[in-house]
Amino acid sequence: MASQDKRLRAGVVGAGVFGGFHASKYAAHPRADLAGIYEPDAARARALADKHGGKPYDNLARLIEDCDAITVASPAVHHFEAAAAALANARHVLVEKPIASSVEEARELIKLAATHGCVLQVGHQERFVFNAMGLFAVPDRPKRIVASRMGPPSERCLDVSVTLDLMIHDLDLAIALAGGAVKSVEGIVDEGRFGTPDVARAKLVFDNGCVAELSASRVHHERDRKMRVEYETGVLEIDFVAKTFDNGTPYDLDPDFADAPEAKDSLGANVNAFIASVLDGEPVAVPGIAGLRALDAARAIDGARTYGS
């Protein structure tokens, strides 16, 4: 069978907002078939399956059995359980961020993927925005990265800290841009509304001298997501909300990146890349090790002292 004739039977674990996004991408993809949705709430599973096709499942093992690959878009505390079950049955996995709840779980997922020859991809979608900009093609490494990721109060993702909810995007981007190993992590977090931090600040020092200073809040008065990348040759200021940048560097970045498909729909680009990795053997866009590195830094920040302590 020709490569382009191959099709992927895909399932989605979780019928929430992101589960719906992933289901819609598989349903619309010319080389994928949405096999079904697993969600403990049967009514929600049925509603999402009725909307996008496929079957509602009340048993995770049966969904895995009927699929070649799954997206795990359930609450973060359940990521490991679903991803590990799929990988142990030689199914490919696209897991939303964070890759797992603990570093030990993340390492186990990477091991399972290697053992069974499976693709393990993590949903760090902002990387596709950087790809559209051309930022990952810059030949030099930054000396300093400053990022803030703020949002108003929401009832979503309160099972994890703001570090795992919002800051983890900038942790992943900073680690990828710095290009070195994390040498030290300092962090400070608040106690949060429901026992998980809502505000966090962190400083990462890399072995190549790069320093990243990050802040995140999910109790801010407005949505505000920015990054400043300082090179020896100049400074780049990025506004993720407006999808614009001010380029004070000599690097040839695309000022019209917001019009690129992978920047307009970074989640869709992530799903497309996952399908290409599974069906065509393309390099994994965001491999498990990237998810592990971001999670490791996030957990170090969460383990730091709290405000006022």
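A residue is called buried when its relative accessible area is under 20%, exposed when that area is over 50%, and partly exposed in between, with a 1.4 Å probe and protein chains only. The structure is a predicted model, in which local features need pLDDT of at least 70 and side-chain atom pairs count only at pLDDT 80 or more, while totals for chains, interfaces and linings use all residues. Residues are numbered from 1 along each chain as its sequence is written, and side-chain values use heavy atoms, with hydrogens and water left out.

Helices (H or I, at least four residues) and strands (E, at least two) are DSSP runs, numbered from the N terminus. In helix 4, which covers residues 79–88, the buried residues are His-79, Ala-82, Ala-83, Ala-84, Ala-86 and Leu-87. These buried residues pack, with contact taken as heavy atoms within 4.5 Å, against strands 1, 4, 5 and 6 and against helices 3 and 5. Just after helix 4, a positive phi of about 60° is found at Ala-90.

Seven strands form an open sheet with mixed pairing, in the order 8-9-10-7-11-12-13, where two strands pair if DSSP finds at least two bridges between them. Strand 8 (182–189) and strand 13 (244–247) are the edge strands, each pairing on one side only. Strand 8 pairs with strand 9 (residues 199–206) in the antiparallel sense over seven bridges, and Ser-184 stands opposite Val-205 in strand 9. Helix 10 (residues 288–302) packs on the sheet, where it touches strand 8 and strand 9, and its direction makes about 45° with that of strand 8; axes are lines fitted to C-alpha atoms, for helices over the stretch in contact, and angles run from 0 to 180 degrees between N-to-C directions.
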